Amino acid sequence: MADCLYCDSQDVRKNGKLTSWGQRWKCVSCHKQFSTWWARDTYSPEFKQKVVDLYCHSPANAREVLKTYGISSRTLVEWKKNHLPSCDKCEE
Ligand SMILES: [Zn+2]
Ligand SMILES: [Zn+2]
């Protein structure tokens, strides 16, 4: 599953096949189409680590990170929650 990149709705449908560059989705709520870099459940721990690192430690680039990797802000907030306790660079 994926969250909509535009409205964060979880009511999205697969729109086309999974390709080498990712999965296309269509949001049922706002009707926008977007693609994710990979299907969500294939994110590796290393990939999450890298993205969370960019997201948390370079706040100026946060939006860029979301767009580049096709990850919704809801997903990143989840990842950040898991990241915080183990990071000494981040403040509460
Ligand atoms: Zn949407
Ligand atoms: Zn951190």
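Predicted model: local features only at pLDDT ≥ 70, side-chain atom pairs only at ≥ 80, totals over all residues.

Entry 1: I started with Cys87, which counts as buried because its relative accessibility is 13% and the cut-off for buried is under 20%.

What coordinates the zinc ion (ligand 2)? I found His57 (NE2), His83 (NE2), Cys87 (SG) and Cys90 (SG), at 2.0 to 2.3 Å. Next I checked the angles: the 4 donor atoms subtend 104 to 118 degrees around the zinc ion (ligand 2), so the arrangement is tetrahedral. For that label, all angles have to lie between 85 and 135 degrees.

Then I looked at the sequence spacing of the donors of the zinc ion (ligand 2), which reads H-x25-H-x3-C-x2-C. One pair here links distant parts of the chain: His57 sits in helix 1 and Cys87 in the segment after helix 3 (73–83), 30 residues apart. His57 is partly exposed, at 24% relative accessible area.

**Entry 2: the other zinc.** The zinc ion (ligand 1) has Cys4 (SG), Cys7 (SG), Cys27 (SG) and Cys30 (SG) as its donors, at 2.3 Å. Is Cys4 buried or exposed? Cys4 comes out buried, at 0% relative accessibility, while Cys7 is partly exposed at 37%. The spacing of these donors along the chain is C-x2-C-x19-C-x2-C. The angles between the 4 donor atoms run from 104 to 119 degrees, which makes this arrangement tetrahedral.

Entry 3: Asp8 is not a glycine, yet its phi is positive, near 65 degrees. I placed Asp8 in the segment before strand 1 (12–14), and it is partly exposed at 22%. His31 also has a positive phi, near 65 degrees. I found His31 in the loop between strand 2 (23–27) and strand 3 (33–36), and it counts as exposed at 55% relative accessibility.

**Entry 4: a helix pair.** Helix packing gets described by the angle and the distance between the two axes, and I looked up both. Helix 1 (residues 45–57) and helix 2 (residues 62–69) pack at about 150 degrees, with axes 8 Å apart. The two helices are therefore roughly antiparallel, the cut-off being over 145.

Which residues meet? From helix 1 I listed Phe47, Lys50, Val51, Leu54 and Tyr55, and from helix 2 Ala62, Val65 and Tyr69. Sorted by type, the contact has 7 nonpolar residues, no polar ones and 1 charged.

Note on methods:
Residues numbered from 1 in each chain as written. Chains lettered and ligands numbered in written order. Heavy atoms only, no water. Axes fitted to C-alpha atoms, helices over the stretch in contact; angles between N-to-C directions. Helix = DSSP H or I, 4+ residues; strand = E, 2+ residues; numbered from the N terminus. Parallel < 35°, antiparallel > 145°, perpendicular 65-115°, else oblique. Contact = heavy atoms within 4.5 Å. Nonpolar A, V, L, I, M, F, W, Y, C, P; charged D, E, K, R; others polar. Donors = N, O, S within 2.8 Å, 3.2 Å for Na, K, Ca; no water. Tetrahedral: all angles 85-135°; square planar, octahedral: opposite > 155°, others 65-115°. Buried < 20%, exposed > 50% of the residue type's maximum accessible area, 1.4 Å probe, protein only.
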